Amino acid sequence: MSNDVFEQIKQDISQNDIVLYMKGTASFPQCGFSATVVQILSQIGAPFKDINVLENADIRQGIKDFTNWPTIPQLYIKGEFVGGCDIVRDMFNSGELQDMLAEKGITSPRAA
Amino acid sequence: MAMRAGDIEDMIKAGIPGCVVRIDDLRGDGEHYAAHVSASAFKGLSRVQQHQMVYRALQGKMGNELHALAVHTTVIDDA
């Protein structure tokens with residue numbers, strides 16, 4: 001995978017608190033798994049940058065090589081790969097995702 | 001090309017010795033499964049690392065023949 005794809009990825013995940021590599025866009029997800037993560041982030045009220053991998057084949061493959069993770073969507077928080085749909089959903093259900101966002105100062109802490 | 005639940009189970013068991021696997025066929029179309037994998041080998045690994053172990057066991061099928069496999073991992077604590 002070419003270096004400039006990795007550079008583009010590194011730039012996106014460092015310049016944005018939350019980045020979601022997905023199929024489609026936040027307003028028009030084109031895959032159930034991507035839509036689930038969009039819904040979770042919207043429910044939490046966490047602003048994020050959506051990157052539509054369907055518009056860029058290099059990014060679509062590059063992101064999988066970058067993380068050694070074979071599927072889309074992929075969620076990044078403060079430059080760190082958090083997981084795909086399953087992990088994000090599990091973390092949301094347990095409250096771990098909300099706590100992580102609050103700890104990193106992206107959202108306000110959950111009401112006790 | 002779809003995959004059979006038994007093939008998925010066999011591959012995961014071969015790739016993660018000693019693990020316990022349950023495959024749920026979510027829609028009966030050979031495309032949508034959930035894999036519940038418990039293993040002591042997951043101990044000390046992050047969720048991402050645990051899932052990557054399952055994907056490695058599936059030898060590149062994840063995201064190709066296997067479009068939709070929901071993965072759920074738990075640690076077997078054999079202390």
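What percentage of the 112 residues in chain A do buried residues make up? Buried residues, meaning those under 20% relative accessible area with a 1.4 Å probe and protein chains only, make up 47% of that chain. The structure is a predicted model, in which local features need pLDDT of at least 70 and side-chain atom pairs count only at pLDDT 80 or more, while totals for chains, interfaces and linings use all residues. Residues are numbered from 1 along each chain as its sequence is written, chains are lettered from A and ligands numbered from 1 in the order in which they are written, and side-chain values use heavy atoms, with hydrogens and water left out.

Chain A contains five helices and four strands, where helices (H or I, at least four residues) and strands (E, at least two) are DSSP runs numbered from the N terminus. Along the sequence, these elements follow the pattern α-β-α-β-α-β-β-α-α. The C-alpha trace of chain A spans about 45 × 25 × 20 Å along its principal axes. Its radius of gyration is 13 Å, in agreement with the value near 13 Å for a compact globule of 112 residues; this radius is taken over C-alpha atoms, and the globule rule is 2.2 Å times the number of residues to the power 0.38. Of the contacts (heavy atoms within 4.5 Å) in chain A with a separation of 6 or more, 60% are accounted for by residues 24 or more positions apart. The chain exposes about 5400 Å², of which carbon and sulfur atoms supply 45%, by the Shrake-Rupley method with a 1.4 Å probe.

In chain B, three strands form an open sheet of mixed pairing in the order E1-E2-E3; two strands pair if DSSP finds at least two bridges between them. Strand E1 (20-25) and strand E3 (68-75) of chain B are the edge strands, each pairing on one side only. From one strand to the next, the twist averages 15 degrees, with axes fitted to C-alpha atoms (for helices over the stretch in contact) and angles running from 0 to 180 degrees between N-to-C directions. E1(B) pairs with strand E2 (residues 32-39) of chain B in the antiparallel sense over six bridges, and Arg22(B) stands opposite His36(B) in E2(B). Helix H2 (residues 47-57) of chain B packs on the sheet and touches E2 and E3 of chain B, its direction making about 125 degrees with that of E3(B).

The cysteines remain to be considered. Zero disulfides (pairs of cysteine sulfur atoms within 2.5 Å) are found over all chains. The sulfur of Cys85(A) has its closest cysteine sulfur in Cys31(A), but a bond is excluded because the distance is 7.8 Å. Cys85(A) counts as buried because its relative accessibility is 6%, and Cys19(B) counts as buried at 9%.

Technical notes: Buried < 20%, exposed > 50% of the residue type's maximum accessible area, 1.4 Å probe, protein only.
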